[in-house]
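Subject: Handover of a protein structure

Dear colleague,

Please find below the structure that I am handing over to you. My findings follow it, and I would ask you to read them with the structure open.

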Amino acid sequence: HTGHRTASPLAVTAIASGNSLMDPIFAGGVFGNKGVSWLINNYHGSIVSTIAKSTIPGSSMAYRWTTATDAPDAKTSIANYQLLIMTDLSSNCDTDTYQPTQDALPADALLWAQLAWANNAEMILWCHNARLDKPDINAQYLHRFELWGKIQDKCNANLPAGKKPVRLIPG
(Lines give C-alpha, C1' and ligand atoms only; values in the text may rest on other atoms or scores of the structure.)
Protein backbone atom coordinates (compact mmCIF):
# COMPACT_ATOMS: atom_id res chain seq x y z
CA HIS A 1 0.00 0.00 0.00
CA THR A 2 2.14 2.79 -1.29
CA GLY A 3 1.75 6.40 -2.14
CA HIS A 4 0.49 9.52 -0.47
CA ARG A 5 -2.86 10.97 -1.38
CA THR A 6 -4.42 14.32 -0.72
CA ALA A 7 -7.10 14.25 1.95
CA SER A 8 -10.71 14.48 0.86
CA PRO A 9 -12.49 17.77 1.49
CA LEU A 10 -14.52 18.00 4.71
CA ALA A 11 -17.70 18.66 2.74
CA VAL A 12 -17.60 15.35 0.86
CA THR A 13 -20.96 13.61 0.36
CA ALA A 14 -20.73 10.02 1.57
CA ILE A 15 -22.80 6.84 1.70
CA ALA A 16 -21.98 3.78 3.78
CA SER A 17 -22.93 0.35 2.44
CA GLY A 18 -22.89 -2.35 5.05
CA ASN A 19 -24.79 -4.41 7.55
CA SER A 20 -25.90 -4.25 11.18
CA LEU A 21 -22.32 -3.45 12.26
CA MET A 22 -22.88 0.01 10.75
CA ASP A 23 -26.41 0.52 12.00
CA PRO A 24 -25.49 1.74 15.51
CA ILE A 25 -23.38 4.49 13.98
CA PHE A 26 -26.38 5.88 12.11
CA ALA A 27 -29.53 4.68 13.86
CA GLY A 28 -28.42 4.96 17.47
CA GLY A 29 -27.62 2.44 20.13
CA VAL A 30 -25.77 -0.82 19.93
CA PHE A 31 -27.44 -4.22 19.45
CA GLY A 32 -30.94 -3.32 20.54
CA ASN A 33 -30.16 -0.22 22.60
CA LYS A 34 -32.56 2.40 21.24
CA GLY A 35 -30.54 5.38 22.48
CA VAL A 36 -28.99 7.98 20.23
CA SER A 37 -25.72 6.82 18.71
CA TRP A 38 -22.75 8.07 20.71
CA LEU A 39 -20.92 8.89 17.50
CA ILE A 40 -23.76 10.92 15.98
CA ASN A 41 -24.59 12.56 19.30
CA ASN A 42 -21.01 13.70 19.89
CA TYR A 43 -20.30 14.76 16.34
CA HIS A 44 -23.67 16.23 15.34
CA GLY A 45 -23.19 18.69 12.51
CA SER A 46 -19.88 17.09 11.53
CA ILE A 47 -19.10 14.96 8.49
CA VAL A 48 -20.13 11.89 10.49
CA SER A 49 -23.71 13.07 10.88
CA THR A 50 -24.10 13.58 7.13
CA ILE A 51 -23.11 10.09 5.94
CA ALA A 52 -26.07 8.36 4.29
CA LYS A 53 -26.80 4.78 5.38
CA SER A 54 -27.39 1.91 2.94
CA THR A 55 -27.49 -1.25 5.04
CA ILE A 56 -29.11 -4.66 5.24
CA PRO A 57 -28.62 -6.58 8.52
CA GLY A 58 -26.41 -9.63 8.05
CA SER A 59 -25.57 -8.77 4.45
CA SER A 60 -22.38 -9.19 2.48
CA MET A 61 -21.03 -6.98 -0.31
CA ALA A 62 -22.19 -9.62 -2.80
CA TYR A 63 -25.74 -9.65 -1.40
CA ARG A 64 -26.03 -5.86 -1.47
CA TRP A 65 -24.81 -5.89 -5.08
CA THR A 66 -27.87 -7.94 -6.09
CA THR A 67 -30.37 -6.73 -3.46
CA ALA A 68 -31.34 -3.08 -3.04
CA THR A 69 -31.45 -1.54 0.41
CA ASP A 70 -34.06 0.95 1.56
CA ALA A 71 -33.42 4.37 0.07
CA PRO A 72 -30.85 5.56 -0.43
CA ASP A 73 -29.40 2.45 -2.03
CA ALA A 74 -25.63 2.75 -2.48
CA LYS A 75 -25.61 0.92 -5.81
CA THR A 76 -28.34 2.91 -7.52
CA SER A 77 -27.64 6.25 -5.79
CA ILE A 78 -23.83 6.39 -6.01
CA ALA A 79 -23.98 9.21 -8.57
CA ASN A 80 -25.25 11.45 -5.74
CA TYR A 81 -22.16 10.84 -3.58
CA GLN A 82 -18.43 11.48 -3.68
CA LEU A 83 -17.44 8.71 -1.27
CA LEU A 84 -18.55 5.10 -0.79
CA ILE A 85 -17.72 3.44 2.53
CA MET A 86 -17.91 -0.36 2.15
CA THR A 87 -17.73 -3.28 4.56
CA ASP A 88 -18.62 -6.96 4.47
CA LEU A 89 -20.29 -9.47 6.74
CA SER A 90 -18.07 -10.03 9.79
CA SER A 91 -18.23 -13.82 9.65
CA ASN A 92 -16.96 -13.78 6.04
CA CYS A 93 -13.65 -12.53 7.45
CA ASP A 94 -13.20 -15.15 10.19
CA THR A 95 -10.34 -17.64 9.93
CA ASP A 96 -12.85 -20.51 9.68
CA THR A 97 -14.96 -19.02 6.88
CA TYR A 98 -15.91 -21.18 3.92
CA GLN A 99 -12.93 -20.60 1.62
CA PRO A 100 -14.83 -20.04 -1.68
CA THR A 101 -16.81 -17.26 0.04
CA GLN A 102 -13.62 -15.62 1.26
CA ASP A 103 -11.90 -16.06 -2.11
CA ALA A 104 -14.73 -14.10 -3.77
CA LEU A 105 -14.38 -11.03 -1.53
CA PRO A 106 -11.74 -9.20 -3.63
CA ALA A 107 -13.86 -9.56 -6.78
CA ASP A 108 -16.99 -8.49 -4.88
CA ALA A 109 -15.21 -5.35 -3.67
CA LEU A 110 -13.89 -4.64 -7.15
CA LEU A 111 -17.46 -4.48 -8.52
CA TRP A 112 -18.23 -1.75 -5.97
CA ALA A 113 -14.95 0.09 -6.62
CA GLN A 114 -15.58 0.10 -10.37
CA LEU A 115 -19.07 1.47 -9.77
CA ALA A 116 -17.67 4.22 -7.54
CA TRP A 117 -14.95 5.12 -10.04
CA ALA A 118 -17.45 5.17 -12.94
CA ASN A 119 -19.43 7.73 -10.94
CA ASN A 120 -16.39 9.85 -9.98
CA ALA A 121 -16.57 8.71 -6.37
CA GLU A 122 -13.86 7.18 -4.24
CA MET A 123 -14.22 4.11 -2.04
CA ILE A 124 -13.00 3.32 1.45
CA LEU A 125 -13.01 -0.25 2.77
CA TRP A 126 -13.89 -0.59 6.45
CA CYS A 127 -12.16 -3.60 8.00
CA HIS A 128 -14.31 -4.16 11.07
CA ASN A 129 -13.04 -5.53 14.35
CA ALA A 130 -12.63 -9.25 14.93
CA ARG A 131 -15.40 -11.06 16.73
CA LEU A 132 -14.68 -11.23 20.44
CA ASP A 133 -16.42 -14.61 20.81
CA LYS A 134 -13.58 -16.37 18.98
CA PRO A 135 -10.91 -18.05 21.14
CA ASP A 136 -8.05 -17.06 18.81
CA ILE A 137 -8.60 -13.30 18.78
CA ASN A 138 -5.04 -12.43 17.74
CA ALA A 139 -5.20 -14.80 14.78
CA GLN A 140 -8.59 -13.34 13.86
CA TYR A 141 -7.21 -9.79 13.75
CA LEU A 142 -4.14 -10.80 11.77
CA HIS A 143 -6.30 -12.71 9.29
CA ARG A 144 -8.69 -9.77 8.83
CA PHE A 145 -5.94 -7.26 8.17
CA GLU A 146 -4.25 -9.58 5.67
CA LEU A 147 -7.56 -10.35 3.94
CA TRP A 148 -8.66 -6.70 3.72
CA GLY A 149 -5.19 -5.77 2.44
CA LYS A 150 -5.65 -8.32 -0.37
CA ILE A 151 -9.09 -6.88 -1.13
CA GLN A 152 -7.63 -3.37 -1.29
CA ASP A 153 -4.76 -4.57 -3.50
CA LYS A 154 -7.20 -6.27 -5.92
CA CYS A 155 -9.18 -3.05 -6.30
CA ASN A 156 -6.14 -0.81 -6.70
CA ALA A 157 -4.54 -3.17 -9.24
CA ASN A 158 -7.50 -2.21 -11.44
CA LEU A 159 -7.42 1.53 -10.68
CA PRO A 160 -8.33 3.59 -13.74
CA ALA A 161 -6.11 6.55 -14.60
CA GLY A 162 -7.12 9.72 -12.80
CA LYS A 163 -9.20 7.97 -10.10
CA LYS A 164 -8.45 7.85 -6.38
CA PRO A 165 -7.17 4.54 -5.00
CA VAL A 166 -9.26 2.53 -2.58
CA ARG A 167 -8.25 3.18 1.02
CA LEU A 168 -8.60 0.94 4.04
CA ILE A 169 -9.82 1.80 7.55
CA PRO A 170 -8.72 -0.84 10.06
CA GLY A 171 -11.17 -1.71 12.85
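Two residues are said to be in contact when heavy atoms of theirs lie within 4.5 Å. On that basis, among the contacts between residues at least 6 apart in sequence, 72% join residues at least 24 apart. Please bear in mind that this is a predicted model.

The overall picture is as follows. The protein has 171 residues, of which 42% are buried. The protein contains six helices and five strands, which follow one another along the sequence as β-α-α-β-α-α-β-α-β-α-β.

I turn next to the sheet. Strands of a sheet pair through backbone hydrogen bonds, in either a parallel or an antiparallel manner. Here five strands make up an open sheet with parallel pairing, and their order across the sheet is 2-1-3-4-5. Strand 2 (52-55) and strand 5 (167-170) are the edge strands, each pairing on one side only. On average, neighbouring strands of this sheet are turned by 20 degrees against each other, direction ignored.

Four bridges join strand 3 (residues 83-86) to strand 4 (residues 122-127) in the parallel sense. Within this pairing, I85 has I124 of strand 4 as its bridge partner.

Helix 5 (residues 99-118) lies across strand 1 (14-18), strand 3 and strand 4, and runs at about 150 degrees to strand 4. Helix 6 (residues 137-156) packs on the sheet and touches strand 4 and strand 5, its direction making about 165 degrees with that of strand 4.

Finally, I describe the nonpolar cores. The largest has 26 residues, and L84, W112, M123, L125 and C155 are the ones that touch the most other members. Strand 3, helix 5, strand 4 and helix 6 are the elements that each give two or more residues to this core. Helix 5 provides the largest share, eight residues.

Which residues does W112 contact, leaving aside its neighbours within four places in sequence? They are S17, M61, R64, W65, A74, K75, L84, M86 and M123. There is also a second, separate core of nine residues, including V12, A16, M22 and I85.

Yours sincerely,
A colleague

Note on methods
Residues numbered from 1 in each chain as written. Predicted model: local features only at pLDDT ≥ 70, side-chain atom pairs only at ≥ 80, totals over all residues. Heavy atoms only, no water. Pairing = 2+ DSSP bridges. Axes fitted to C-alpha atoms, helices over the stretch in contact; angles between N-to-C directions. Core = buried A, V, L, I, M, F, W, Y, C linked by side-chain atoms within 4.5 Å. Buried < 20%, exposed > 50% of the residue type's maximum accessible area, 1.4 Å probe, protein only.
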